[in-house]
Amino acid sequence: MHYVSAENLGKSYGIKPLFENISFHISEGDKIALVARNGSGKSTLLKIISGIEVPDNGKIWVNKNVDVAFFEQEPKLVDKATVLDNIFHVSHPVMTVIKEYEVAIETHNDDLISSSLIKMDELNAWDFEAKVKQILGKLNIHNLQQQVSTLSGGQRKRIALAKVLIDIGFEHKHVLLIMDEPTNHLDVSMVEWLEHYLNKENVTLLLVTHDRYFLDAICNEVWELSDGTLYEHVGNYENYLEKKAMREESEAASVDKARNLYRKELEWMRKQPKARTTKSKSRIDAFYEVEKKAKQQLQEQELQLQSKMSRLGGKTVEMKKVYKSYGEKVILKGFDYTFKKGERLGVVGKNGAGKSTFINMIQGLEPPDSGKINVGDTVVFGNYSQQGLIVKEDMRVIEYVKGIAENFPLANGGSLSAAQFLNLFLFPPEQQYTYISKLSGGERRRLHLLTVLFRNPNFLILDEPTNDLDLPTLSVLENYLLEFQGCLIIVSHDRYFMDRLVDHLFVFEGDGEIRDFPGNYSQLREWQKLKEEAPEVPQATVVVKEPEVVLPKKKLSYKEQREFELLENELKTLEKERATLYTELSNSSLPYDKLQEISARINIIGKSIDDKELRWLELSDAQS
């Protein structure tokens with residue numbers, strides 16, 4: 001069954017064409033990921049399909065039996081209404097009685113509970129109520145009587161997501177679910193649940209996301225919007241990258257051929273033929289088509305970050321017996337840690353566990369309740385925060401960057417002007433004089449990243465850096481961070497991003513408890529699953545005779561101690577090799593067989609790292 005058909009769609013803003021003459025079909029059961037650089041028109045295309053915007057030209061047809069549900073990046077909620085009224089906004093007996101039942105439970109109104117129970121039975125609403133309970137519980141939505149205007153951006157996003165998921169689960173046979181960055185502001189457990197939920201539900205999906213694990217877990221087709229053209233690829237993200245590389249190789253050969261022909265035709269054109277016969281006129285028209293093809297720029301402009309890092313001394317940041325609480329909520333409880341030069345740390349935990357407070361305290365933005373935080377004299381912080389840019393909206397992009405510095409020092413001793421540096425960050429000359437208020441959300445995030453690195457930091461703190469950045473920019477940012485020699489702290493719910501970049505994790509477990517885990521996020525999840533699946537061993541009753549004998553702790557044998565030391569070195573070597581291979585894998589010019597060879601080697605290294613880390617943990621526990 002066809003859900004949506006589009007023919008020769010085009011859309012422009014002013015003189016800037018986003019796309020033109022694109023055609024596509026969406027059928028029942030399709031799960032499609034839409035990828036493109038920021039500012040290419042992804043969100044605009046989603047709004048056209050959902051009926052919020054209209055194309056400048058072309059036709060779009062949506063099946064009359066299909067309901068379109070749209071989850072936007074900036075959700076629209078009724079601020080003066082409660083959470084409950086926003087979520088249960090559909091006027092229907094089943095939705096009304098579930099809303100009534102939820103109010104009765106939350107307010108402990110026994111009379112209302114009794115009457116709503118009878119109505120629930122009469123309308124057979126219990127199955128749907130169970131689904132509602134699951135959605136609200138997994139998204140951590142509890143205070144249903146709270147007014148929406150009092151909520152944070154992350155809370156609003158989760159309420160909008162709950163609203164959409166409940167709507168599509170309510171008596172809809174045919175639904176096209178359109179989602180624009182649904183994983184922003186969700187913690188990792190919520191993202192994993194959403195993956196499972198969308199795979200289980202029978203929905204047709206069109207998705208924009210920067211989360212590559214999420215994309216691969218759900219989507220079976222990738223659409224790329226590039227230079228105003230839509231390319232469709234069946235398969236996962238890795239398959240899309242391979243097909244894209246083949247397409248670009250073919251286009252490069254076509255452009256080379258056009259350039260050879262262009263040189264010949266240019267010589268003919270310069271002779272200025274006097275005869276204007278039909279034949280010569282057609283040849284002149286053909287020349288301009290060849291010229292356009294020959295001058296086509298195939299290589300995508302990439303974000304290159306070759307900064308000259310400020311020298312970082314031996315002393316970085318020391319935290320000694322640090323305590324921090326907000327009322328009864330404990331964030332840190334006697335925390336001790338000294339950051340080492342070149343450290344690569346990931347910070348994970350549920351929303352509200354204190355991750356942002358922790359990184360603010362490191363930078364001196366929030367004071368501890370007690371304890372000391374000592375920062376080295378040579379430390380230059382670079383803080384990429386969720387808050388984003390704080391700037392006057394009527395300021396132009398070039399003015400804002402020049403306000404920081406006129407020139408940017410390069411690692412090779414040279415420098416770039418502010419305009420050249422902006423160009424490297426995918427802000428071409430014609431966009432540099434755009435007002436910041438006119439930039440898209442992703443473009444503002446990219447400008448924020450530019451300004452953080454422009455200050456030449458040696459201690460980078462990135463708080464949710466992947467939100468609203470496009471996948472091509474993320475790939476280049478990852479490659480830069482792999483080569484970054486300073487200290488790096490990342491707070492992120494993007495599992496792929498964390499897996500590539502961090503050596504160990506601080507896991508905020510609540511009540512001031514922080515676990516230092518020696519590995520990346522995927523390894524943490526495997527370890528947690530093993531713990532959950534391990535059967536509980538009943539404790540035997542032990543009779544201890546007086547006097548109590550305290551047995552000495554078991555020590556590692558010489559052989560085991562030697563194995564423990566070798567494992568640490570082997571793990572570092574394997575992680576370094578894997579990082580190098582990931583960098584090679586991002587090179588789109590590699591042939592297909594080489595890509596397969598690198599992927600196979602990465603899988604082998606990953607298995608070896610998992611085995612060695614498990615053994616490392618065994619030996620580490622034995623000697624502790």
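User: A helix here is a DSSP run of H or I with at least four residues, numbered from the N terminus. Which residue just after H5 takes a positive phi?

Analyst: The model is predicted. In it, helix H5 covers residues 126-138. Just after H5, a positive phi of about 60 degrees is taken by Asn140.

User: How far does helix H5 reach from its first C-alpha to its last?

Analyst: H5 has 13 residues. The expected span is 1.5 Å times one less than that number, and the span in the model is close to the expected value. From first C-alpha to last, H5 reaches 18 Å.

User: Is His210 buried or exposed?

Analyst: His210 sits in the loop between strand S7 (204-208) and helix H8 (212-218). Beyond its neighbours within four places in sequence, His210 is in contact with residues including Glu181, Asn184, Leu469 and Asp494. Its relative accessible area is 3%. The cut-off is under 20%, so His210 is buried.

User: Which residue's side chain is joined to that of His210 by a polar contact of 3.0 Å?

Analyst: The residues in contact with His210 include Thr183, Thr466 and Asn467. The polar contact of 3.0 Å joins the side chain of His210 to that of Thr466.

User: How many disulfides are there?

Analyst: A disulfide needs two cysteine sulfur atoms within 2.5 Å. Cys219 is buried at 6%, and Cys487 is buried at 1%. By the sulfur rule, the number of disulfides is 0.

Note on methods:
Residues are numbered from 1 along each chain as its sequence is written. This is a predicted model: local features need pLDDT of at least 70, side-chain atom pairs count only at pLDDT 80 or more; totals for chains, interfaces and linings use all residues. Side-chain values use heavy atoms; hydrogens and water are left out. Helices (H or I, at least four residues) and strands (E, at least two) are DSSP runs, numbered from the N terminus. Buried means under 20% relative accessible area, exposed over 50%, partly exposed in between (1.4 Å probe, protein chains only). A polar contact is a pair of N or O atoms within 3.5 Å; within protein, one must be able to donate a hydrogen and the other to accept it, and residues adjacent in sequence count only if both atoms are side-chain atoms. Contact means heavy atoms within 4.5 Å.
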